[in-house]
Amino acid sequence: MDGLWLQSLLLADSTVRLATPLVFCALAGLLSERAGVVNIALECKMLGGAFAAASAAAVSGSAWVGLLAGITFSCGLALVHGFATITHRGEQVVSGVAINIVVAGLGPTLADAWFGQAGRIPLPGGARFAPIDLPGAVELAGVPVLGSLYAEIVSGHNLLVYLAVLAVPTVAWIVAKTRFGLRLRAVGENPEAVDTAGVGVEGLRHRALLLAGVLCGLAGAYHSIAQNAGFIRDMTAGKGFLAFAALIFGKWRPVPAVLACLLFAFADAAQVRLQGTSLPLVGTVPTQAIQALPYLLTILLLAGFVGRAVAPRSLGRPYVKDR
Amino acid sequence: MRGTSRLPTWVELLLLPGLNLVSAAMIAGLVVVLIGEDPIAAVGLLVYGAFGYGEAVGYTLFYTTNFVLTGLAVALAFHAGHFNIGGEGQAYLGGLGSTLVALHWGDLPSLLAIPLAVAGAALFGGAWALVPGWLYAKRGSHVVITTIMMNFVAAALMTYLVVNVLIKPGQQIPETDIFATTVWLPPLDPLLTPLGLDLGRAPANLCSILALLCCLGFWLLVWRSRPGYELRVVGRSEAAAIYAGIAPARVTMLAMSLSGALAGLLAVNEILGSQHRLVLGFTGGYGFVGIAVASMGRNHPLGILLAALLFGALYQGGSELAFDMPKISRDMIVVIQGLVILFAGALEHLFRAPLEALFLRPKVER
């Protein structure tokens, strides 16, 4: 029993760790897609953020400088995406693919040229967000159930994990309750109406993309200067696309999207532990089946076989004012 | 979707792509300067590495073939009004199709085994793309999203199959046994050696001819056949198509499966022509670059040939460059590819508006 409890605790703990970048990215995707801009560049904004955060942290020795650099770089990519798709009304999907490819190559190229370690950036000690022990975690660890729950799952994460937890209600509140959020949703559904009301469509969309850039930068920094100590090539390993799937699985709404992130992160965490073990009823599940599960679920949901996901109405359509 | 251009043909087909390319090259040059190398010298090395000697030409030809096939795949779906960004997954499945044929019917004579293996690649790739096509036609799922998801499903499925089922017995490396030589695609040497080109160890093979035939077939299908006409009508306006008695659902499924079949043929070049066994991740991002090739080539086979040649030369010249300039790695080529997609695809309106202002003004005044 005790072993099983510990196992579940560890599983929950790694779910939280794996969910953090997904949550950031899914919220970023939510902000831009609800504003009507397709964002399949989440992956690279995160990867670019990870690269910039690691480089700045490695040079300056400060995790905070790294975080700032990660957010700045990711916002820069968001501006490029916005310049191409909002200002010049380019194809949003093509722009996303292009930025993804550029960053996938740029990170290792610059890392190689600047740090000379075959595309890796190692971090000096201290340039990383360390786990934070919340007050009382050590003392309460001995208390059965609640104490270990508090010590293992609530306490002992790095700053960015807690920021992700904060980001969820914040973004949900911005989207649902603020004037900016109302306009953001309107611009994704019916930009003509927003324009008629005298609010600039392009400006709103640019701001939504920039906010998304900040969140992707946080996700990237989490990868390179919090969860790991340094940058390696392709270190985000498709997590941006997983978050994209979670966003759709959550039907473009904040709380369901975050729940989908937790579900996918849980599947990811369980997959590592289930390797080779046999489950009751189903037998040995291949890890690849669990890896493919989020994408399969999303395809099924999108096709309306389980519930129905309806995209923002003007998603992917550039706004032409003079029509 | 893209409307008809009002620009003069030479501006549309030469000046505009040229300006886009130059901008991409300038940014790429900036990156080269940033990492401390000489961009002019780099271009020289790149061109020599791509065309300077027989073996280089052979490799360039080989990569070009990959890009032609994935470019045609993207373009065909585009004419029907869809973005097929699932080329990676479809090509991956195409590899499975040709591998199954190669492993089971490898003892057939080449004249039978090779066409069967090619058909296997096209069939599996087409079937994998038919799923998003069907989901769009029947359930309204967005093709972009479904094809992205299908790429990941394909990757998981192929890893499982190669690691657990198809792996060569008694070894650890995740790849199948070497195929029987009967399904190997013949190299191009006998055709090119008489012309004085020694291809050396370059893997250029008969698939290059197949790709040329695909270009021709593409042109005949899209512009000279009834299904192609229907396909273009659906791509322009589904409402108009329905009014004209064309069923968009059927056309979409046809276009997507043909698009997937073209992407699947990538496996013919890579697997049957070069690797001679199924290895993990052989698709190597060619499916995504197909988007750039199609968009630079204006979704026309002739343009796609030229754009694919450009990317093939970049790819081969780039790997040579990485040898000669220690600070430049193969990743730099990925950056350049991405920049070309950005400028030629996403930012294509950047120069269009000023050019239209420049060339169309007299007509407006008249």
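## A loop residue in chain A

Arg89(A) sits in the loop that joins helix H3 (63–87) to helix H4 (92–115) of chain A; helices here are DSSP runs of H or I with at least four residues, strands are runs of E with at least two, and both are numbered from the N terminus. Although Arg89(A) is not a glycine, its phi is positive, about 50 degrees. Arg89(A) counts as partly exposed because it has 17 C-beta neighbours inside 10 Å. A residue is buried if 20 or more other C-beta atoms, placed from the backbone, lie within 10 Å of its own, exposed if 12 or fewer, and partly exposed in between.

This is a predicted model, in which local features need pLDDT of at least 70, side-chain atom pairs count only at pLDDT 80 or more, and totals for chains, interfaces and linings use all residues. Residues are numbered from 1 along each chain as its sequence is written, while chains are lettered from A and ligands numbered from 1 in the order in which they are written.

Arg298(B), a residue other than glycine, has a positive phi near 55 degrees. Its place is the loop between H13 and helix H14 (301–324) of chain B. Arg298(B) is buried, with 20 other C-beta atoms within 10 Å.

## Chain B overall

Chain B has 16 helices and zero strands. Its radius of gyration is 21 Å, close to the 21 Å that the globule rule gives for 366 residues, so chain B is as compact as a globular protein of that length. The radius is taken over C-alpha atoms, and the rule is 2.2 Å times the number of residues to the power 0.38. The C-alpha trace of chain B spans about 75 × 60 × 40 Å along its principal axes.

Of the 366 residues in chain B, 54% are buried. Among contacts in chain B with a separation of 6 or more, 76% come from residues 24 or more positions apart; two residues are in contact if their C-beta atoms, placed from the backbone, lie within 7 Å.

In helix H9 (residues 226–236) of chain B, the buried residues include Glu230(B), Leu231(B), Val233(B) and Val234(B). Among the elements covering the buried residues of H9(B) are H3, helix H8 (207–224) and helix H11 (248–264) of chain B.

## The nonpolar core

The largest nonpolar core has 242 residues. Such a core is a set of buried Ala, Val, Leu, Ile, Met, Phe, Trp, Tyr and Cys residues joined through C-beta atoms within 7 Å. Leu22(A), Phe24(A) and Cys261(A) are among the members that touch the most others. Helix H3 (residues 54–79) of chain B gives the most to this core, with 16 residues.

Neighbours within four places in sequence aside, Cys261(A) is in contact with Ala19(A), Leu22(A), Val23(A), Ala26(A), Ala243(A) and Ala246(A).

## Where the chains meet

The contact between the chains takes 39 residues from chain A and 41 residues from chain B. On the side of chain B that touches chain A, the elements giving two or more residues include helix H5 (110–139), helix H6 (143–166) and helix H16 (349–365). H6(B) provides the largest share, 12 residues.

That side of chain B divides into 25 nonpolar, 12 polar and four charged residues. Ala, Val, Leu, Ile, Met, Phe, Trp, Tyr, Cys and Pro count as nonpolar, Asp, Glu, Lys and Arg as charged, and the others, Gly among them, as polar.
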